[in-house]
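Trainee: I have a structure to read and would like to learn how to go through it. Can we take one feature at a time?

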Amino acid sequence: MTREMNYALSFDDEQAMIMKSAREFCKGKSSIQDVRELLGSDTGYDKKVWKAMVELGWPGIAIPESFGGIGLGIGSLVPLAESMGRYMLATPFFSATLAAQALLRGGTQSQKEEWLPQIADGLIATVALLDSEDWGADTINCTAVDAGDTLKLSGTKWLVGDAGVAELFVVSVKYQDKPSLVLVNAGQFPKSAIQRHTLIDETKRAFKVDFSGVEVEKSRLLDPALSESTIRDLMLIGALLTAAEATGTAAASLDNTVEYLKSRKQFNKLIGSYQALKHPTVDILNEMEAARSHLYHAATIMGDGPLSDDMEIACRMAKAQATEALLFAGDRDVQFHGGMGFTYECDAQLHIRRAQWSQQQFGDAYHHRKRLASLFFD
Amino acid sequence: MTAEKQDLNKFRAEVSAWMKANKPADPGFLLPQTFMEVGSEEVLEFLRDWQRKVYDAGYIGLTWPKEYGGKGLPEEYQLAADEAMAHERVPIMLNVIGLGWAGPLVLKSGTDEEKQKYLKRILTAEDIWCQGFSEPDHGSDLGNAQTSAVKDGDDYVINGTKIWTTFGNYSKYMILLARTNPNTERKYDGLSFFLAPMDVPGVTAVPIQKITGEYGFTETFFDNARIPASCLMGEEGQGWRVAMQTLQFERSAEGGQATHYNFTPVTMGDLLQATENTTRDGQPLLKDPIVRDNLVKFLIEEKSLRLSATRAEIPALCQDYPFSLALSGKLRATEYFRRMRQYAISLQGGKGSLYVGDEGAIEGGFWQRAYFNNFSATIGGGTSQIQSNIIGQHVLGLPKS
Ligand SMILES: Cc1cc2nc3c(=O)[nH]c(=O)nc-3n(C[C@H](O)[C@H](O)[C@H](O)COP(=O)(O)OP(=O)(O)OC[C@H]3O[C@@H](n4cnc5c(N)ncnc54)[C@H](O)[C@@H]3O)c2cc1C
């Protein structure tokens, strides 16, 4: 192996402040009762909570000050996402953040000026990237073709987060045989083009969106020279945010398991005294801690420019480690609750469902390890 | 950059340069990766000379006070020197129990006389130290140790058997845990702690052959062995507390070690180098998708160990589960090394069945021996299972088993 591994990891007082306020906010706004109340709701989030989040400036935390944000960089998103995962707080934050990153990295100056301040102010935007189940495919099935002065889109996207409430969509298409990104407003297609998925994780909202027939001005294309790298970077940033959220949920799942191990008795003993339960629970802690270390390394080195190899490695490792940790945690959470674990009432179901969701967002662990293998061995 | 930082960087560069220039030539035998692998006089004397040389150059014992042979420098200097040694992959420092555990203990709790008597000779490796904690019937259940120490005039008379004593047959002194009172209510309260000489009549250290076929630890018999009463550390009945303090040093949960360079790192870089020319089904091994996936899993894990060590020093990132990283470091690292070495052998194909001594063995059988020896780390110093109990109880608050 000729590649030198990057081991940078630091955390300053400002980041510690953000982490602390994120914890307090998510804890206060998202009790497990709140989470459960939202499961059956239409949008999946509480508008008041989103508004409060916007007031704190979070949608703009990684948007530069020159575009109306706080300018703390992408590393600041990690503690936020982790806290949201810890308390399973659902809002359009991830969708809006990814859309902002798409614009920031791949948009033209005027697009940035037009949209980034609005997103920082709470405009709900989202990204539509996936058009099959294959996160690893480098083909894009959705297309844009010239139609006079405009572009005409065709094709359907999957798993578009928060499409039911989003006002702006950043859509990946093939245009002139090249991967491109294009901006579409919610008003440009009929409501019937949006179809809600039934998701394994009931805290999430994602949709199938048929963009066929939508016509947009050519000025809606993001910078063609940057689109390919922007799509690549979005996938990695999406993976990192999913990893952060999953790590938070792994801690929630661990706490849920530990709580039961400390209170449930069988054979006159607390079940946590049995090593068949205790040791795997320690393993969960250790896997979750390993994920956290990868996350904060990634948070340390990420920047606003195109992602370097080191950053790519950091995002992929974090995603692979975090989602495996959560799969393990959620799975044992159910098993270690016995019959109670099999009920809808037990919170283990929230964790195991989130685990299945997280593993498939922006590529599963094996997908990322495959890419890492190429980086290391080829 | 601050002045201190500049000094430190200069120092690090100086150590590196010295190590490069003075690294001993290949001695013709496989060098031990840990101090638990020293199985012959030849290896012992080689490493004793080397430690002495490094001490004379001024690169171990940096934090220890000048009057006891140290240099009175801040901890960062020792860490920098240790890093440089690891980086240059020089042979390890031999006298680990003295340098890393007994020495810091004497420094922290010993009398001035004890400090004068022991510390400098630990640094020079003139006096090798060993640890007499484990007994044939009491290993993990150390608090139950039964070797007895009975006060008789100016002496204590020791009877009983210690086992798995690393350096038992090479040592001048032993840190000894023995029972001064067999009738206490709590088993721990009857224990006392001694800095015991090994060269008194009645002490016999019998080498035990290890899994690797070599020697390296002993069964150590005490048959009416008389040691001066002044060897008692602390008071009678405080032995458990002192032993736990020693384990703090052993597990690096507390600083003050004269060096941390007590094992040579074996990394994924080494494994990848070792498999560079290996083929499977006529194809380069590194083209095999399952091998690639396994190797990447190890890379992710190895990287997390380094990152977690750094994160453990950042309080804001350790608040959720206090002591989690500090207490799990040994478990995580030693289990990782074990699995990684085991996997390395599995990649060797037919040659994986060759052992040290066969001319066709890959790297002289390095990986085979390394895998076996790694159990010293997953068993010694508290087994992995005991570590899991500790983490479950002290970090997660789970009930005792
Ligand atoms: C290479 C090497 C060098 C050593 N050097 C020294 C030395 O210099 N000085 C010294 O004093 N000791 C030394 N030791 C001894 C070491 O500390 C003990 O071997 C260790 O503490 C385990 O004790 P044991 O061997 O009696 O095993 P046991 O305690 O009998 O354990 C047997 C098995 O049971 C498991 N087990 C035991 N109790 C529990 C429990 N409560 N819960 C779950 N599982 C449990 C253990 O994990 C292990 O797998 C050395 C050991 C090795 C391998």
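Mentor: Start with one cut-off. A residue is called buried under 20% relative accessible area, exposed over 50%, and partly exposed in between. Keep in mind that this is a predicted model.

Trainee: Let me apply that. Why does Arg332(A) count as partly exposed?

Mentor: Its relative accessible area is 23%.

Trainee: Which residue forms a salt bridge with Arg332(A)?

Mentor: First the general idea. Side chains of opposite charge can pair when their charged atoms come close. Here the partner of Arg332(A) is Asp331(A), and the closest N and O atoms are 2.9 Å apart. Asp331(A) has 36% relative accessibility, so it is also partly exposed.

Trainee: How many salt bridges are there over all chains?

Mentor: The search of the whole structure finds 43. Let us look at some cases.

Trainee: Where do Glu45(B) and Arg48(B) lie?

Mentor: Both sit in helix 2 of chain B, residues 41-57. They are three residues apart, about one turn of the helix. Glu45(B) is partly exposed because its relative accessible area is 32%.

Trainee: And how far apart are the closest N and O atoms of Asp233(A) and Arg105(A)?

Mentor: They are 4.0 Å apart, and the pair forms a salt bridge. This one links distant parts of the chain. Asp233(A) is in helix 7 (residues 224-263) of chain A, and Arg105(A) is in helix 5 (residues 93-106) of chain A. The two residues are 128 residues apart.

Trainee: Are Asp233(A) and Arg105(A) buried or exposed?

Mentor: Both are buried. They also belong to a network of salt bridges, which links Arg105(A), Arg232(A), Asp233(A), Glu312(A) and Arg316(A).

Trainee: Now the sheet. In what order do the three strands of chain A run?

Mentor: General idea again. Strands of a sheet pair through backbone hydrogen bonds, either parallel or antiparallel. In chain A, three strands form an open sheet in the order 4-8-7, with antiparallel pairing. Strand 4 (156-161) and strand 7 (194-196) of chain A are the edges, as each pairs on one side only. From one strand to the next, the twist averages 25 degrees.

Trainee: How many bridges join strand 4 and strand 8 of chain A?

Mentor: Four bridges, in the antiparallel sense. Strand 8 of chain A covers residues 206-210. As an example, Thr156(A) has Asp210(A) as its bridge partner in strand 8 of chain A.

Trainee: Last, the interface. How many residues of chain B are in contact with chain A?

Mentor: Count both sides. 42 residues of chain B are in contact with 49 residues of chain A. Then look at area. The two chains bury about 4,000 Å² between them, 63% of it on carbon and sulfur atoms. In chain B, Ile300(B), Lys303(B) and Tyr321(B) lose the most area to chain A, together 16% of what that side buries.

Trainee: What is the count of salt bridges between chain B and chain A?

Mentor: Six. One of them joins Asp293(B) and Arg369(A), with the closest N and O atoms 2.6 Å apart. The interface also has 24 residue pairs in polar contact.

Trainee: Which elements give two or more residues to the side of chain B that touches chain A?

Mentor: They are helix 7 (268-274), helix 8 (289-311), helix 9 (324-346) and helix 11 (384-394) of chain B. Helix 8 of chain B gives the most, with 15 residues.

Definitions and conventions: Residues numbered from 1 in each chain as written. Chains lettered and ligands numbered in written order. Predicted model: local features only at pLDDT ≥ 70, side-chain atom pairs only at ≥ 80, totals over all residues. Heavy atoms only, no water. Pairing = 2+ DSSP bridges. Axes fitted to C-alpha atoms, helices over the stretch in contact; angles between N-to-C directions. Salt bridge = Lys/Arg side-chain N within 4 Å of Asp/Glu carboxyl O. Buried < 20%, exposed > 50% of the residue type's maximum accessible area, 1.4 Å probe, protein only. Contact = heavy atoms within 4.5 Å. Buried area = accessible area lost by both parts, 1.4 Å probe. Polar contact = N/O pair within 3.5 Å; in protein donor to acceptor, adjacent residues only side chain to side chain.
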